[in-house]
Amino acid sequence: MRQTLKHPVHSELLIKKSRFIGCVQPVADRAQAQHIVAQLWQQHPGARHVCWALMAGGQSAAVDDGEPSGTAGRPMLEVLRHQQLEGVLATVVRYFGGVKLGAGGLVRAYTDAVAQALLQAERVPLQALATLAFSVHYPQEGLLRHLLAQHGVQQLEVTHSERVTITAQVQEDQTQALRQAIADATQGAVQWLDEQGS
């Protein structure tokens, strides 16, 4: 079963005068990951590199940020993949100490910075999410929003045109029960817009 992390965890390595500050943390998507990387640059203006790897389904990424190609981002991503993590960002801020490490040394340093942080990280099972998309008549919108909140559903998007269209994420194992609750609440007037309901 794939897992994610509960909280951000940091590590720090000193290798031949270079300082490697690692962090692993849960993220939702690439946009959030890029925002975190931008913040790291603000917090560490004297750093030489901020390398990162993101394991997030179709949005995964491996960024060397000026280090020789394949010596930072890819090894960091491999650590996340090997540990079967999903929705996790690994970052390593490097302050250059004046001594070059060579390709093998860089791969080891970036791999170790991520692995050290993961040793202390608390893991949680990743809940598979499904997307429900449906439309209802305007008078039913309030009722549906309340129903979704009662089920602890994260609303993604609400659009208003001829009808109100709601797209929401729900834990996969709750999908059928929620579909039935929505159908009952709207007395069958709901129009399903996702594949399963069409």
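Student: How far apart do the C-alpha centres of domain 1 and domain 2 lie?

Tutor: Good place to start, and keep in mind that this is a predicted model. Domain 1 covers 3–125 and domain 2 covers 129–192. Between the C-alpha centres of these two domains, the distance is 38 Å.

Student: At roughly what angle do the axes of helix H2 and helix H3 cross?

Tutor: Two packed helices are described by the distance between their axes and the angle between them. For H2 (residues 73–82) and H3 (residues 102–120), the axes come within 8 Å. The crossing is right-handed, and its angle is roughly 35°.

Student: How many nonpolar residues does the contact of H2 with H3 have?

Tutor: On the H2 side, the contact is made by Pro75, Met76, Val79 and Leu80. H3 brings Val107, Tyr110, Thr111, Val114, Ala115 and Leu118. Sorted by class, there are no charged residues and 1 polar one, and the nonpolar count is 9.

Student: Why are the buried residues of helix H5 on the same side?

Tutor: The buried residues of H5 (residues 175–185) are Thr175, Leu178, Arg179, Ala181 and Ile182. In an α-helix, residues three or four places apart point the same way, because there are 3.6 residues a turn.

Student: Which exposed residues does the face of H5 turned away from its buried side carry?

Tutor: Start with the buried residues, which pack against strand S8, helix H4, strand S10 and strand S11. The face of H5 turned away from that buried side carries the exposed residues Gln176, Ala177 and Asp184.

Terms used. Residues numbered from 1 in each chain as written. Predicted model: local features only at pLDDT ≥ 70, side-chain atom pairs only at ≥ 80, totals over all residues. Heavy atoms only, no water. Domains from an automatic or database assignment. Axes fitted to C-alpha atoms, helices over the stretch in contact; angles between N-to-C directions. Helix = DSSP H or I, 4+ residues; strand = E, 2+ residues; numbered from the N terminus. Left-handed = near helix turned anticlockwise from the far one by under 90°. Contact = heavy atoms within 4.5 Å. Nonpolar A, V, L, I, M, F, W, Y, C, P; charged D, E, K, R; others polar. Buried < 20%, exposed > 50% of the residue type's maximum accessible area, 1.4 Å probe, protein only.
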